[in-house]
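Load the model in your viewer and keep a selection panel open. The stops below go from one selection to the next.

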Amino acid sequence: MTAAVIEIRTQPPSLLAYGLVLRPWDLDLARQMGEWQCRGFPYHAFDMDHLKDIARAEATVVRMREDLQHRHFVATQGDTAVGRASVNLKDDAGLYLWSVHVPPEHEGRGVCRRMLAGIMLWLEQVYPQRDFVLSSNTFATHAHRAYYALGFHIAETRWHFDRDLAERMWKVSGAERELVSRHMRFQNGRWEVRTHIMQREHGAPMDVREPLWARRD
Ligand SMILES: CC(C)(COP(=O)(O)OP(=O)(O)OC[C@H]1O[C@@H](n2cnc3c(N)ncnc32)[C@H](O)[C@@H]1OP(=O)(O)O)[C@@H](O)C(=O)NCCC(=O)NCCS
């Protein structure tokens, strides 16, 4: 498949990539994201229920569009919001991808791979000297498969204090806690999560398979 990424000159730009259009946030997309299925613990931080509140959705859209340090994209298929991702342009460690999120109803169709590939190909044109970085909790195995396919490797694994996740650990059921038991430790009076720091060098090869469903239209 050709790596066609075309920048549409809006500010921030929209990108055409691998059958997806990566668009800046707007109110309609925020409204759709508010309806996305939630995953709950331990992925609760990605849930978008708060966008059901129109005032919060409006404020979030303004914030996302005015943010000079980050670019925030919503991946769309036709008019449907199918994923989102952000990049911090100013982190010393590199172009820092974060908030990589595909809701359950759109997962397993290569949305994550295709949207990140599109964002990175665009960034490689705009910032030819810079490499990529992201961090990922070690329980996020689906995400890691996509990241490896896109040329990321683990640079470091460390224990990290995530306040929100740590607070949830006190509230969840034993079964939920068991789900992440290999990835959490109780150390110095607080819960910590094991986290991979992953890097990708500029221009590293990417395997972006086009799923059958994307070829239909
Ligand atoms: C991780 C996430 C972004 C993946 O999105 P996606 O669009 O489904 O990803 P892709 O389709 O590109 O596939 C990624 C890998 O996960 C696998 N996968 C995705 N959903 C799956 C499912 N329900 N069951 C089994 N495997 C699944 C895919 O098969 C693929 O692996 P492969 O390439 O070896 O076949 C999405 O599951 C998500 O938002 N999870 C919660 C938030 C999160 O973990 N974000 C990343 C934080 S660093």
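Start at the ligand and select its shell: α4 gives the largest share, 5 residues. Helices (H or I, at least four residues) and strands (E, at least two) are DSSP runs, numbered from the N terminus. The model is predicted: local features need pLDDT of at least 70, side-chain atom pairs count only at pLDDT 80 or more, and totals for chains, interfaces and linings use all residues. Residue numbers start from 1 along each chain as its sequence is written.

The shell holds 20 residues, and those that come nearest to the ligand are Val 102, Glu 107, Cys 112, His 142 and Ala 143. A residue is near a molecule or strand if its C-beta atom, placed from the backbone, lies within 6 Å of it. Two or more shell residues come from each of β6 (95-101), α3 (111-126) and α4 (141-149). Colour the shell by residue class to see 10 nonpolar, 5 polar and 5 charged residues. Here Ala, Val, Leu, Ile, Met, Phe, Trp, Tyr, Cys and Pro count as nonpolar, Asp, Glu, Lys and Arg as charged, and the others, Gly among them, as polar.

Next, select the largest nonpolar core, which has 43 residues. Such a core is a set of buried Ala, Val, Leu, Ile, Met, Phe, Trp, Tyr and Cys residues joined through C-beta atoms within 7 Å. Buried means that 20 or more other C-beta atoms lie within 10 Å of the residue's own; exposed means 12 or fewer, and partly exposed is in between, with C-beta atoms placed from the backbone. Leu 22, Ala 75, Met 115, Leu 116 and Ile 119 touch the most other members. With 8 residues, α3 gives the most to this core. A second, separate core has 5 residues, including Leu 165, Met 184, Trp 191 and Val 193.

Centre on Met 115. Leaving out residues up to four places away in sequence, Met 115 touches Leu 20, Leu 22, Phe 73, Ala 75, Gly 83 and Ala 85. Contact means that two C-beta atoms, placed from the backbone, lie within 7 Å.

Move to helix α1 (residues 27-34), where Leu 29, Ala 30 and Met 33 are buried. Looking down the axis of α1, these buried residues fall within an arc of 100°, so they line one face of the helix. The arc is that of the directions from the helix axis to the C-beta atoms. The buried residues of α1 pack against β3 (20-24), α2 (54-66), β4 (70-77) and β5 (80-88).

Most residues other than glycine have a negative phi, and most peptide bonds are trans. In the loop between α1 and α2, find Pro 42; a cis peptide bond joins Phe 41 and Pro 42, with omega about 0°. Tyr 18, in the loop between β2 (14-17) and β3, has a positive phi near 55°. Is Tyr 18 buried or exposed? Tyr 18 counts as buried because it has 25 C-beta neighbours inside 10 Å. Asn 188, in the loop between β9 (184-187) and β10 (190-200), has a positive phi near 50°. With 7 C-beta neighbours inside 10 Å, Asn 188 counts as exposed.

Buried residues make up 31% of the 217 residues. The C-alpha atoms fill a box of roughly 50 × 40 × 35 Å, taken along the principal axes.
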